[in-house]
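The following exercises are to be worked with the sequence and the three-dimensional structure at hand. Each task is followed by a solution in steps.

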Amino acid sequence: MSAPHRFRHGLRRRPAVFGTAAAAVALLFTAVPTAVAAPAPAPAALTTTWGDFTCDGGLYRIKAPTPGDLALTVALSPGNHGSVIQYVWTGESNQKWIYCHRPESDGTETVVLQDSWRRWCLAVDRDSMSSGAWILTTGCFSDHVPTEQQFVKTKVPGTDLFALQGQHSRKWVAASGTFGQNGNQITQGDQPDLYTLQAV
């Protein structure tokens, strides 16, 4: 089916904020944001199609291959609610992602990632082309996927590592701030972080 119920319409959330410039491969963090309890995990997705994307069954975490069990996480703290940070893995629904993908002729994939908490899509803030623009979550559309919600997934040959690049900006997805810190904002910039995709 072309417009599965899980990709329902949502208001586009456009916070007027930007993070600091992303730099260095595999950046991570430790400044812990204010804890807010996440809702109960959402049910696993069924394998289906969404336009020309195939959405896998089940849910995934997107993990950085560095010390500490850090994963891409939808922030719940009041100051950056709905933006994407790297945070220690706790297994909550705001850390689990629905993975939709479309193979490209150059060996990459174009991917759309939807959080399993409120079913919003990973996106670049306000369609920005600039380094330092925040990566956050905005409402998904049932009939199309805007380019700011599409990311190019480039694999590292011979490994399970990959980098993500904004489809519209061609800038890389990476954590801002000091290496190894928990809770740092994810932004787009000139150098990528590397991730692994793990079924949960």
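**Exercise 1. Determine how many cavities of 30 Å³ or more the structure holds, and describe the lining of the largest cavity.**

Solution. Step 1: the structure, a predicted model, holds one cavity of 30 Å³ or more. A cavity is a set of points, on a 1 Å grid over the protein atoms alone, where a 1.4 Å probe fits but cannot get out; lining residues have an atom within 4 Å of a point. Grid points are joined across faces, edges and corners, and the volume is the space filled by probe spheres set on the points.
Step 1: the volume of the largest cavity is about 30 Å³.
Step 2: its lining consists of I62, Y99, V111, L113, F162, L164 and L197. Strand 7 and strand 11 each contribute at least two of the lining residues.
Step 3: sorted by class, the lining has seven nonpolar residues, no polar and no charged ones. Here Ala, Val, Leu, Ile, Met, Phe, Trp, Tyr, Cys and Pro count as nonpolar, Asp, Glu, Lys and Arg as charged, and the others, Gly among them, as polar.

As to conventions, residues are numbered from 1 along each chain as its sequence is written. Because the model is predicted, local features need pLDDT of at least 70 and side-chain atom pairs count only at pLDDT 80 or more, while totals for chains, interfaces and linings use all residues; side-chain values use heavy atoms, with hydrogens and water left out.

**Exercise 2. State the secondary-structure content and the share of buried residues.**

Solution. Step 1: the protein has zero helices and 14 strands. Helices (H or I, at least four residues) and strands (E, at least two) are DSSP runs, numbered from the N terminus.
Step 1: of the 200 residues, 57% are buried, where buried means under 20% relative accessible area, exposed over 50% and partly exposed in between (1.4 Å probe, protein chains only).
Step 2: among contacts (heavy atoms within 4.5 Å) with a separation of 6 or more, 65% join residues 24 or more positions apart.

**Exercise 3. Locate S169 and find which residues contact it beyond its sequence neighbours.**

Solution. Step 1: S169 lies in the loop between strand 11 and strand 12. S169 counts as buried because its relative accessible area is 10%.
Step 1: leaving aside neighbours within four places in sequence, S169 contacts S128, M129 and Q188.
Step 2: the C-alpha atoms of S169 and S131, 38 residues apart in sequence, are 9.2 Å apart.

**Exercise 4. Are R119 and R126 buried or partly exposed?**

Solution. Step 1: most residues other than glycine have a negative phi. R119 has a positive phi near 65°, and R126 one of about 55°.
Step 1: R119 is in the loop between strand 7 and strand 8, R126 in the loop between strand 8 and strand 9 (135–139).
Step 2: R119 is buried because its relative accessibility is 11%, whereas R126, at 35%, is partly exposed.

Conventions. On a 1 Å grid over the protein atoms alone, a cavity is a set of points where a 1.4 Å probe fits but cannot get out, and a pocket is an open set with protein on both sides within 12 Å along at least five of seven lines; lining residues have an atom within 4 Å of a point.
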